[in-house]
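Hi everyone, thanks for coming. I'd like to walk you through one protein chain today, so please have a look at the sequence and the structure on the screen.

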Amino acid sequence: MLSSASNRVLTFTLQFSSSLKFSPKTHIDYRPRSLHSSIMSSASRSSPREALLDDSGCGGPITLEEWQRWGCISPVPAMVNAVIQDLKLLENNIDAHMVFGGNGGKLQGDFKIQEDKKHRAKYETLADSDKKFQFYSARQIACRLLGSRGYLCQKCWLPMEDCMCSNVKPSSLWHGIKFWVYMHPKDFLRQNNTGKLLWQVFGVQAATLCLYGISEDEEIMWNAFKDAGKAKVWCLYPNHNNAPKTVQDAFSHQTSADMECAYSLTNKDRPLNFVLIDGTWSNSAAMFRRVKEQAKLAWGEEDIPCISLATGASAMHKLRPQPSWDRTCTAAAAISVLAELQLLPECSTHGLDKQAEAVEDALIVLLEVLTTRRLRMGRSITRKVRHSRDIC
Ligand SMILES: [Zn+2]
């Protein structure tokens, strides 16, 4: 149960006041999550467990229903099911069970040794780098799915005993905006991922998961972008080759007639699309490169418009009440986009401040759950003195 504001793990409040100054000097680049914070980057691990059977009880492939319950909107990726089939075949052929540990997606024991050899051999047979990359992504996702079955809540991606779903209040996102959570496979089904909060709050149509390297997902996202047009796609990424714009730079210079057109009801099928790169900082460069490559395929030019969050230090320090807080997490980036748009007169009537607050509330719930969980396991909530041994 969530306690009152004074007892919250985090007591920050985003200020949506007009005193927030936008100046190129105060830009803070939105950086996908770094690995230097504690709670947000070190999920609570559990003891090894065997892969569970699927819904049908036969240990078969992922069904569409199971896939979409995890938050995906695409058809089940063919390559993910192919990997699962290979894993099952291997399990039948050798006398070792699939055992998962770590954060859910890591194979362990004898099976891991055999599977390592097998997937490396398969990788070598793949002719081009894109196929290799897609296989890598599919394998990551397949292992995470199998390792999380029956263990994680499919909605909040937390171990079932810590399910936070009943504490998340849904909100509708203004129809003029759509978020795309472009997620690295290693972040899929991570307990401490914050991108997932966006569709928990806004629903999967308003905040859509797109898994990096999964062609079914990327196709849906890029079809939507092509349909919306380049002017309606913004990537939150500090693109240093091409000076990123602040929300205000990007939108406030438009005449009110343009804004009216951009946001009008008649245009509701083509909202402003914001791509949030949801991966560690070290993975995000490759992810952004792929966005640029696909932009080139779609529009013939690589330079995808980028937004840098301009929220100045005066507001940002409030986002960091304790060292474990990472101001650059994906949910915080979405909060900032909404908060900055709210400051534009043209957008002030869409309740974006309330929508930002809804994400903030969900973030607080998540941090509280992760903190409680770690403490319950006897782990420190700061990384430095964290116990290295898995005890759960
Ligand atoms: Zn849940």
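Let me start with one definition: the expected span of a helix is 1.5 Å times one less than its number of residues. Keep in mind, too, that what you see is a predicted model.

Now take helix 4, residues 129-148. How does the span of helix 4 agree with 1.5 Å a residue? With 20 residues, helix 4 should span 28 Å, and its end C-alpha atoms are 29 Å apart, which agrees.

Which residues of helix 4 are buried? They run from Ser137 through Ala138, Arg139, Gln140, Ile141, Ala142, Cys143, Arg144, Leu145, Leu146 and Gly147 to Ser148. As for what they pack against, the list is helix 2 (78-93), strand 2 (99-102), strand 3 (106-107), helix 3 (109-125) and strand 5. Just after helix 4 comes Gly150, with a positive phi of about 75°.

Let's step back to the chain for a moment. The protein chain holds 12 helices and eight strands. It has 392 residues, and 41% of them are buried. Of the contacts with a separation of 6 or more, 78% join residues 24 or more positions apart.

On to strand 4, residues 177-183. Seven of its seven residues are buried. Both faces are covered: on one side you find Ile177, Phe179, Val181 and Met183, and on the other Lys178, Trp180 and Tyr182.

What does strand 4 pair with? Strand 7, residues 272-278, runs parallel to strand 4 and is joined to it by seven bridges; there, Trp180 has Val275 as its bridge partner. Strand 5, residues 207-211, also pairs with strand 4 in the parallel sense, over five bridges, and here Val181 is partnered with Leu209. To get from strand 4 to strand 5, the chain passes through helix 5 (residues 195-202), and this β-α-β crossover is right-handed.

Let me finish with Leu198. Leaving out residues up to four places away in sequence, Leu198 touches Phe179, Val181, Ala207, Ala331, Ala334 and Val359. Two of those, Phe179 and Val181, you have already met on one side of strand 4.

Key:
Residues are numbered from 1 along each chain as its sequence is written. This is a predicted model: local features need pLDDT of at least 70, side-chain atom pairs count only at pLDDT 80 or more; totals for chains, interfaces and linings use all residues. Two residues are in contact if their C-beta atoms, placed from the backbone, lie within 7 Å. A residue is buried if 20 or more other C-beta atoms lie within 10 Å of its own, exposed if 12 or fewer, and partly exposed in between; C-beta atoms are placed from the backbone. Helices (H or I, at least four residues) and strands (E, at least two) are DSSP runs, numbered from the N terminus. Two strands pair if DSSP finds at least two bridges between them. A crossover is right-handed if, with the strands pointing away from the viewer, the path from the first strand over the helix to the second runs clockwise.
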